[in-house]
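I opened the notebook to look up the charged side-chain contacts. These are my entries.

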Amino acid sequence: QVQLVESGGGQVQPGGSLRLSCAASGRTSSIYRVGWFRQAPGKEREFVGRFTWTTTNTYYGDSVKGRFTISRDNTKNTVFLQMNSLKPEDTAVYYCAASEPATDYKYWGQGTQVTVSS
């Protein structure tokens, strides 16, 4: 089992920045990828980006490409989502999730609210 805990959400003005954290614990050696997703009220869950645990490769959704960056602190098993140039449409609950090799994302955090508003 893998446990994920997100933190770092809050309210920020348009154009501002926030950094979300996703702390992994438990069987972290089984993690293949960590993904970030978001869900706004009344909308479907949207893929934000992902980080491959062993290769450190990243991939981003079109709506955040060039503004968001995913990285990892190896010593703390924590994955970060750095969000810059935030827009009101980035407002959502952000979730991190982890997958094992050849599986879908099966471990999910509790989510953290991000609100972009003036």
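I began with burial. Aspartate 90 and arginine 38 are both buried (under 20% relative accessible area; exposed is over 50%, partly exposed is in between, with a 1.4 Å probe and protein chains only).

I noted the ground rules next. The model is predicted, so local features need pLDDT of at least 70 and side-chain atom pairs count only at pLDDT 80 or more, while totals for chains, interfaces and linings use all residues. Residues are numbered from 1 along each chain as its sequence is written, and side-chain values use heavy atoms, with hydrogens and water left out.

I then looked up salt bridges (a side-chain nitrogen of Lys or Arg within 4 Å of a carboxyl oxygen of Asp or Glu). I found five by this rule.

Aspartate 90 and arginine 38 form a salt bridge at 2.8 Å, N to O. Aspartate 90 sits in the loop between strand E8 (78–83) and strand E9 (92–99), and arginine 38 sits in strand E4 (residues 33–39), so the pair ties together parts 52 residues apart in sequence. Strands here are DSSP runs of at least two residues, numbered from the N terminus.

Arginine 38 has a relative accessible area of 5%. Glutamate 46 is partly exposed at 30%.

I looked at another pair. Aspartate 62 and lysine 65 form a salt bridge, with the closest N and O atoms 3.1 Å apart. Aspartate 62 is exposed at 68% relative accessibility; lysine 65 is partly exposed at 46%.

Last, I traced shared partners. They join Arg38, Glu46, Arg67 and Asp90 into one salt-bridge network.

How values were computed
Helices (H or I, at least four residues) and strands (E, at least two) are DSSP runs, numbered from the N terminus.
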